[in-house]
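Let's take a friendly walk through one part of a protein model. Have a look at the sequence and the 3D view before reading on.

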Amino acid sequence: MKSNLLSELIEILEAPNQRFSHYQVLPKMLVSNFPELVKINYQIGQLSLDEPRLNWLLKVIDSDVENVVEIGASLGYFCLSLSCEHGMSAKGFEPLSI
């Protein structure tokens, strides 16, 4: 199961002109848990503002916040970072056209 999901993720990330290709920084926890992602053909194609935005969020969010919902999560940079690096329970939603 894990390898199937990883294969699907790699296919999505490497696809040219795909909705999520070359858009967002890959979350640190994703790359550290799946070193295969370091070797794929994925480069950010836009100005990377994910880390500065995350740092801003951490400055303005109340310290007692435990649950976060991210609407329009794309690759999940924010919800994965908040969950894995800051101990919050996070859910990310990305609407997909069928």
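Where is Ser81 found? Ser81 sits in helix 4, where helices are DSSP runs (H or I, at least four residues) and strands are E runs of at least two, numbered from the N terminus.

## About the model

This is a predicted model, in which local features need pLDDT of at least 70, side-chain atom pairs count only at pLDDT 80 or more, and totals for chains, interfaces and linings use all residues. Residues are numbered from 1 along each chain as its sequence is written, and side-chain values use heavy atoms, with hydrogens and water left out.

Why does Ser81 count as buried? Its relative accessibility is 1%; buried means under 20% relative accessible area, exposed over 50%, and partly exposed in between (1.4 Å probe, protein chains only). Leaving aside residues up to four places away in sequence, Ser81 touches Pro27, Leu54, Gly76 and His86, a contact being heavy atoms within 4.5 Å.

Helix 4 covers residues 77–86. Its buried residues are Tyr77, Phe78, Cys79, Ser81 and Leu82, and their cover includes helix 3 (50–60), strand 1 and strand 2. After helix 4 comes Gly87, with a positive phi near 70°.

## The two strands

In a regular strand, side chains alternate between the two faces of the sheet.

Strand 1 runs parallel to strand 2 (residues 89–93), joined by five bridges; strands pair if DSSP finds at least two bridges between them. Asn67 has Ser89 as its bridge partner in strand 2.

Key. A crossover is right-handed if, with the strands pointing away from the viewer, the path from the first strand over the helix to the second runs clockwise.
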